[in-house]
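User: I am new to this structure and would like a close look at one part of it, the shell around the ligand. Please describe the shell, and then the helices and residues that go with it.

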Amino acid sequence: MAVTGLLLIAFLLMHMFGNLKMFIGEEAFNHYAEWLKGLSEDGGILYPILPAGWFIWIFRVVLLAAVVLHIYSAAKLWRRAEAASPSTYEAKRKLAQTYSARTMRWGGIILAGLLIFHLAQFTVHAALTNGSFASTYQSSAYKMVVGEFSQWWMVLVYAIWMVAVCMHIRHGFWSAFATLGANTSPRAKVILDACAWAIALVLFIGFMMMPVAVLFGWIHF
Ligand code: HEM
């Protein structure tokens with residue numbers, strides 16, 4: 001759980017950083033999107049160490065494996081916890097947990113559901129509708145993103161999703177480091193708590209800045 005979770009957080013930081021290229025402009029963002037897929041003129045990321053276009057597929061396989069292992073470990077731990085936990089209300093009531101900790105399971109499920117929506121909206125839609133996509137967005141990832149976030153309800157859906165993601169990460173980051181042996185003293189706990197909050201806030205603000213900027217017309221066609 002801990003290792004795959006930290007890997008997924010690293011991915012999110014990179015993804016957030018990449019999305020911020022929308023602030024630089026259409027050319028910068030589209031070049032970045034093409035570079036990741038090995039479609040740019042320079043052969044893309046890691047070319048010529050890897051043939052053009054290979055990186056994205058290796059990356060997708062690693063990411064998918066991390067997600068599958070993360071969910072598999074969660075299900076296993078869930079079952080183990082159910083078997084071990086006291087079943088009476090009185091006993092359960094005494095467990096002191098934060099709101100984020102109590103919502104890890106259902107929060108994780110909501111998060112995963114919205115991730116499927118997200119991939120259908122951008123990655124799958126763009127891949128499947130390359131023909132009609134060209135007429136709607138002129139084959140520009142930048143235009144696709146501006147088009148989607150010009151709708152207020154879409155920004156709201158993403159804001160709700162990001163609250164779920166960041167709450168999950170707030171507890172998950174803390175929990176991962178505790179698992180790996182970093183929660184050794186009250187002082188270490190305070191530092192871990194502060195880092196977990198900082199990562200969650202950076203991700204929330206960093207991800208939401210761009211859709212909000214599109215909604216208010218600061219980033220436009
Ligand atoms: C406000 C938040 C977010 C925005 C605006 C956003 C935007 C995007 C866009 C535009 C793409 C397609 C890029 C392209 O095809 O060139 C994409 C792909 C993707 N996003 Fe996000 N994203 C956000 C949050 C997230 C989160 C929280 C996750 C994971 C939990 C995530 C996971 C992914 C994945 C896995 C891909 C597919 C990468 C691939 O092509 O293999 N995104 N995102």
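**The shell around the ligand**

With 6 residues, H6 gives the most to the shell around the ligand. Helices here are DSSP runs of H or I with at least four residues, strands are runs of E with at least two, and both are numbered from the N terminus. The model is predicted, so local features need pLDDT of at least 70 and side-chain atom pairs count only at pLDDT 80 or more, while totals for chains, interfaces and linings use all residues. Residue numbers start from 1 along each chain as its sequence is written.

The ligand is surrounded by 21 residues, and Ala33, Phe122, Thr123, Ala141 and Phe207 are the closest. Two or more residues of the shell come from each of helix H1 (2-19), helix H3 (54-84), helix H6 (104-128), helix H8 (141-149), helix H9 (152-179) and helix H10 (186-215). A residue is near a molecule or strand if its C-beta atom, placed from the backbone, lies within 6 Å of it.

By class, the shell holds 16 nonpolar, 4 polar and 1 charged residues. Ala, Val, Leu, Ile, Met, Phe, Trp, Tyr, Cys and Pro count as nonpolar, Asp, Glu, Lys and Arg as charged, and the others, Gly among them, as polar.

Next come the helix pairs. Two packed helices are described by the angle between their axes and the distance between the axes. Axes are lines fitted to C-alpha atoms, for helices over the stretch in contact, and angles run from 0 to 180 degrees between N-to-C directions.

H6 packs on H9 at an angle of about 135°, and their axes are 9 Å apart. H6 is therefore oblique to H9. Angles under 35 degrees count as roughly parallel, over 145 as roughly antiparallel, 65 to 115 as roughly perpendicular and the rest as oblique. The crossing of H6 past H9 is left-handed; a crossing has this hand if the near helix is turned anticlockwise from the far one by less than a right angle, and is right-handed if clockwise. On the H6 side the contact is made by Met104, Gly107, Gly108, Ile110, Leu111 and Leu114, and on the H9 side by Trp161, Ala164, Val165, Met167, His168 and His171. Two residues are in contact if their C-beta atoms, placed from the backbone, lie within 7 Å. The residues of the contact of H6 with H9 are 8 nonpolar, 4 polar and no charged.

H9 also packs with H10, at an angle of about 165° and with the axes 8 Å apart. That angle is why H9 counts as roughly antiparallel to H10. H9 crosses H10 in the right-handed sense. The contact of H9 with H10 has 23 nonpolar residues, no polar ones and 2 charged.

H1 is another helix of the shell, and asparagine 19 is found in H1. Asparagine 19 is partly exposed because it has 17 C-beta neighbours inside 10 Å. A residue is buried if 20 or more other C-beta atoms lie within 10 Å of its own, exposed if 12 or fewer, and partly exposed in between, with C-beta atoms placed from the backbone. Leaving out residues up to four places away in sequence, asparagine 19 touches Phe207 and Met210. Asparagine 19 and methionine 210 are 191 residues apart in sequence, yet their C-alpha atoms are 7.3 Å apart.

As for the chain, its secondary structure comes to 10 helices and 0 strands. Of the 221 residues in the chain, 16% are buried.
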